[in-house]
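Morning, everyone. I'll take the sheet, then the cores, then a few loop residues. Please look at the screen.

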Amino acid sequence: MKSDFLDFGRVAVRSIFLSCAFCLLCAVFCLCGCRKNPPKEKILISVIVEEDSAGSGSDVHEVIAGLAKNFAENCKDADISFSVKKTDADSLRKSLQKTDENADADLVFCGADTLASADSDAISSIILCKSEKAFLCYDKDLFRKCGLDEFIAEDAENGGKSGVQRWTLAEWQKILVTLAKELPENVYPFGFGSGDSFCNPMIFALIESRGCSVFDADGKVDLSDQKALDALEWLKISCDQGFFPPDADELTFGQCLALCRENRVAIGPCAGKGDYGLVEYPSADGNDSVTPVKSLVCVLRGNSAFCSDFAEFASDSLRASDKSENISVTETEFARNLRVSRSSLYRIASDLLTGFRTPAQSAATISESI
């Protein structure tokens, strides 16, 4: 009887032990299994792309959307989905003014000039994605009607690389004088204005085009050189001679673009309808280009590491594409360009065009304020 009781006890203990061991093994298996194949974290990254962003080379919205899809498909560490939308510069600038907590997007792709016009302390992390030359466009049809056929490049051989024209300062002067004389009413030689900060790169390029050194060895702006004074005087004389549209001192960059698209200027920052060619900004001998640089940047606002990873991925991809159009820009050069774009240069130029400031006064004020 006692032996049977002991046998029963041994069986019961063994059963309990086996049950506990089985449960423990199940728990270990479940835990190990979860660690080996954890469920992927779902992440939504919101991206805003500026319409007609500088430095795109194509429809930048479609390019970024394609890169986002590629990045998400190849990401093994998370289940990522992207919301990529485009908006105009004004809406984007308002978005950039917001703090990170109230940001409309984790990533913003925009032109450096739009970034500069936002001038927000909330913008701290900027990635330079791509830079390329900002050429001017000239209307070949208007040139032909005004007897300026000799300055039209019909192919790449005549116009240099990619058919882009280069004219000397003397040639520019002859072209502008002829256009001012021969163009029909309400059509103007050069679509130039100084109505807002978006005009700053164009203003600065025209000052540099006269052969002056703008930045000194310490990176400060110094326009005390006679060539700089000549450049500012040339802007004033050009305005007085009707090379620019009326009220150029109030003409915003957007309005300059509109005049180009309406075929109301012979030379401007974009093309209208018809037959157009590309030309670099003028230089003394037609060889040393001072054409400004337009840059596409990414403003990183999301805290997720995946936002940073995608921003770098997009930047590397954009730099690797269209190598013939890309140009190398150092951080120092980019910082200087951004400083110029954020400056009050356009206001000073506006005062120059109206005669409120002399070239010498304008040069001194520019040197002090940038």
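A word on terms before we start: when I say contact, I mean heavy atoms within 4.5 Å. And keep in mind that this is a predicted model.

With that, take I267. Leave aside its neighbours within four places in sequence. I267 is then in contact with L136, C137, Y138, F143, W167, W172, I175, L176, L179, P189, F190 and G191. So where does that belong? I267 and F143 are the residues with the most contacts inside the largest nonpolar core. That core has 62 residues. There is also a second, separate core, of 27 residues. Among its members are L67, A72, I127 and F306.

Now the sheet. In what order do its five strands run? The order is β2-β1-β3-β10-β4. The sheet is open, and the pairing is mixed. At the edges sit β2, residues 78-87, and β4, residues 126-133. Each of these pairs on one side only. From one strand to the next, the twist averages 15°.

What packs on this sheet? Helix α2, residues 60-74. The helix touches β1, β2, β3 and β10. Its direction makes about 175° with that of β2.

Look next at β4 and its partner, β10, which covers residues 293-300. The two pair in the antiparallel sense, over seven bridges. To find one of them on your screen, go to K130; its bridge partner in β10 is L296.

On to the loops. Most residues other than glycine have a negative phi. N186 has a positive phi of about 70°. N186 is in the loop between α7, residues 169-182, and β7, residues 188-190. N263 has a positive phi too, of about 60°. Its loop runs between α10, residues 253-261, and β8, residues 265-268.

N186 is partly exposed, at 44% relative accessible area. N263 also counts as partly exposed, at 23%; buried would mean under 20%.

Last one: R301. This arginine is in the loop between β10 and α11, residues 305-320. Its relative accessibility is 6%, so R301 counts as buried. What does its side chain reach? The backbone oxygen of S95, at 3.1 Å.

That's my tour. Questions, please.

Technical notes. Residues numbered from 1 in each chain as written. Predicted model: local features only at pLDDT ≥ 70, side-chain atom pairs only at ≥ 80, totals over all residues. Heavy atoms only, no water. Pairing = 2+ DSSP bridges. Helix = DSSP H or I, 4+ residues; strand = E, 2+ residues; numbered from the N terminus. Axes fitted to C-alpha atoms, helices over the stretch in contact; angles between N-to-C directions. Core = buried A, V, L, I, M, F, W, Y, C linked by side-chain atoms within 4.5 Å. Buried < 20%, exposed > 50% of the residue type's maximum accessible area, 1.4 Å probe, protein only. Polar contact = N/O pair within 3.5 Å; in protein donor to acceptor, adjacent residues only side chain to side chain.
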